[in-house]
Amino acid sequence: MERRVAIIGAGTSGLAACKYLLQFGFNPTVFEVDDGVGGLWRHTMDSTKLQNNKQMYQFMDFPWPSSVKEDNPSHNQVLQYLNSYAEHFSLIPYIRFNSKVIDIDYVGGESSEDMKSWELWGGNGKPFCHKGTWHISVQNTKNLSAEVHKAEFVVLCIGKYSGFPNIPEFPPEQGPEVFNGKVMHSMDYSNLDNETATELIKGKRVTVIGSQKSALDLAAECANVNGVKYPCTIIQRNAHWLLPDFNIWGVIAGFLYLNRFAELSVHKPGEPFFLGLVATLLSPLRWGISKVVETTLKWKLPLKKYGLIPNHSFFQDLSTCLIAVFPDNFFDKLKEGSILIKKSQSCSFCNEGVIIDGEAKPLETDIVIFATGYRGDQKIKNMFKSTFFQNHIVVPETSSTVPLYRQMIHPRIPQLAIIGYAESLSNIFSAEMKSLWLAHFLDGNIELPSIREMEKDVKVWEENMKQYGGTYFWKSCIANCGLWYHDQLCKDMKRNPRRKNGFFAEWFEPHGHADYVGLIRK
């Protein structure tokens, strides 16, 4: 039978998936809506740069060029790096640019009732089934022509931070419709070219609604344009732990949290009794480390002065991949008054601007930008033409995450994998590890357990994320047990999960992409 593979998206995940599938003898076709590679990096604000050190954000067998001297390259430099990767491994000929996937439909397979009765994934536990084929409806964004492509296996690499913005709901007559100014989402702002974005906010009173990194970046960009004459106001519910920089603090976090010894203090999904006991006994150490980090940040930065002390632990933000870096000169902007921060659990709109809980007068503003994130689950759900598969992507009564075995395989959707939904502190490394695993799986080297066992494993991982991630568990972040996860992938691929030389290095040094280079097939 044919083994045609389609990859949707040419961001970091799509490029990694394409590279490793080619390496394993497959001939994938990549559909990309833009006219170049890079995914989200093509749609960022002008000030966006790599948060972590570039050594933490690179492919295993493709280092950054020596010409890039910066520790934190700009988004244009990241785009050039990704493009160079695609050219170096001859991926460009396999990518169909300006190709928007409208939906995918599983045709010729068994009925939905038969699928419900399956004991093994796809009916036989194999990546390729002799019956079903995916029909991929694609529209050319240049001439709007449409065609249908067929593939036996689909890899969704569409990410979760684009395409489907999360807009808060408001009671009637209290939403954006009553506001005389302009309302937009950070996604729309990021899609503007630099000149248009600057012209939009120049000389305007801008209000940003949001609590996370994108909200602060937006405010900093507005402050750079308008200064103190037209200060930018951030309305946030809760503050999050952010670092002064990742070059020093990232190393510190690596030794405190991202090694095997540190993971001993964390309960891991499916762990044996002994490891569970060790995690319980070491939990005071984990709590103490988090408190030391929090105290140090409060001592180093004027968090209290500006109401930026979170009401949760540093470890919780780490466990949900919410650790980020403050924009350049952020506290200088707060001090001079070009950025203002107001805390409110809710707000509403009026003609003049925004009504903030507890304040007598509305905040008069010209532009309101929602930096309120995205609905990654809905984005994936909308890819499927079949309501049967749509209803399996997220089951609202039991979860708010996409249930994925090994963070890639949906137990109830055959011949399909998703890469890029689950998060880590180095998404490019995580994408490579998943792509390697997927290539092994498609090549017949990995055997899946039964659907029931996969669903049980998915539930165990979700409960673990709820335990440490709190209300942000839906981000599906594997940061606090990343080594445990990568160990599972290595074992599935029949490779040694111990990646370093020597006891001390294996247990106390941070693990990164360089430790897994040996997994790559030469």
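Which residue just after α5 takes a positive phi of about 70°? Gly203 takes this value.

The structure is a predicted model, in which local features need pLDDT of at least 70, side-chain atom pairs count only at pLDDT 80 or more, and totals for chains, interfaces and linings use all residues. Residues are numbered from 1 along each chain as its sequence is written, and side-chain values use heavy atoms, with hydrogens and water left out.

**Helix α5**

Helices (DSSP runs of H or I, at least four residues) and strands (E, at least two) are numbered from the N terminus. Burial is stated by relative accessible area: buried means under 20%, exposed over 50%, and partly exposed in between (1.4 Å probe, protein chains only). In helix α5, residues 194-201, the buried residues are Ala197, Leu200 and Ile201. They lie on the same side of α5, because they cover an arc of only 80° around the axis, the arc being that of the directions from the helix axis to the C-beta atoms. Glu195 and Glu199 are exposed on the face turned away from this buried side. The cover over the buried residues of α5 includes β8 (182-185), α4 (186-190), β9 (206-209), α6 (213-226) and β17 (367-370); contact here means heavy atoms within 4.5 Å. At the N-terminal end, α5 is capped by Asp193, of which a side-chain oxygen lies 3.2 Å from the backbone nitrogen of Glu195.

Asp217 lies in helix α6 and counts as buried at 15% relative accessibility. Leaving aside residues up to four places away in sequence, Asp217 touches Met45, Ser47 and Pro327. Cys490, in helix α16, is buried at 0% relative accessibility. With the same exclusion of residues up to four places away, the contacts of Cys490 include Met433, Tyr516 and Leu519. Cys490 and Ala479 are 11 residues apart in sequence and 17 Å apart in space, C-alpha to C-alpha.

**Positive phi in loops**

Cys321 is a residue other than glycine with a positive phi, near 60°. Cys321 lies in the loop between α10 (314-319) and β12 (324-325) and is buried at 14% relative accessibility. Ser476, also not a glycine, has a positive phi of about 55°. The loop between α15 (451-469) and α16 (482-492) holds Ser476, which is buried with a relative accessible area of 3%.

**Salt bridges**

A salt bridge is a side-chain nitrogen of Lys or Arg within 4 Å of a carboxyl oxygen of Asp or Glu. By this rule the count comes to 26 salt bridges. The table gives examples.

| Pair | N to O distance |
|---|---|
| Arg42 and Asp34 | 3.9 Å |
| Asp328 and Lys49 | 3.2 Å |
| Glu509 and Lys500 | 3.7 Å |

Asp328 is partly exposed at 47% relative accessibility, and Lys49 is partly exposed with a relative accessible area of 36%. Arg42 is partly exposed at 32%, whereas Asp34 is buried at 16%. A network of salt bridges links Arg260, Asp487, Arg498 and Glu506.

Terms used
A polar contact is a pair of N or O atoms within 3.5 Å; within protein, one must be able to donate a hydrogen and the other to accept it, and residues adjacent in sequence count only if both atoms are side-chain atoms.
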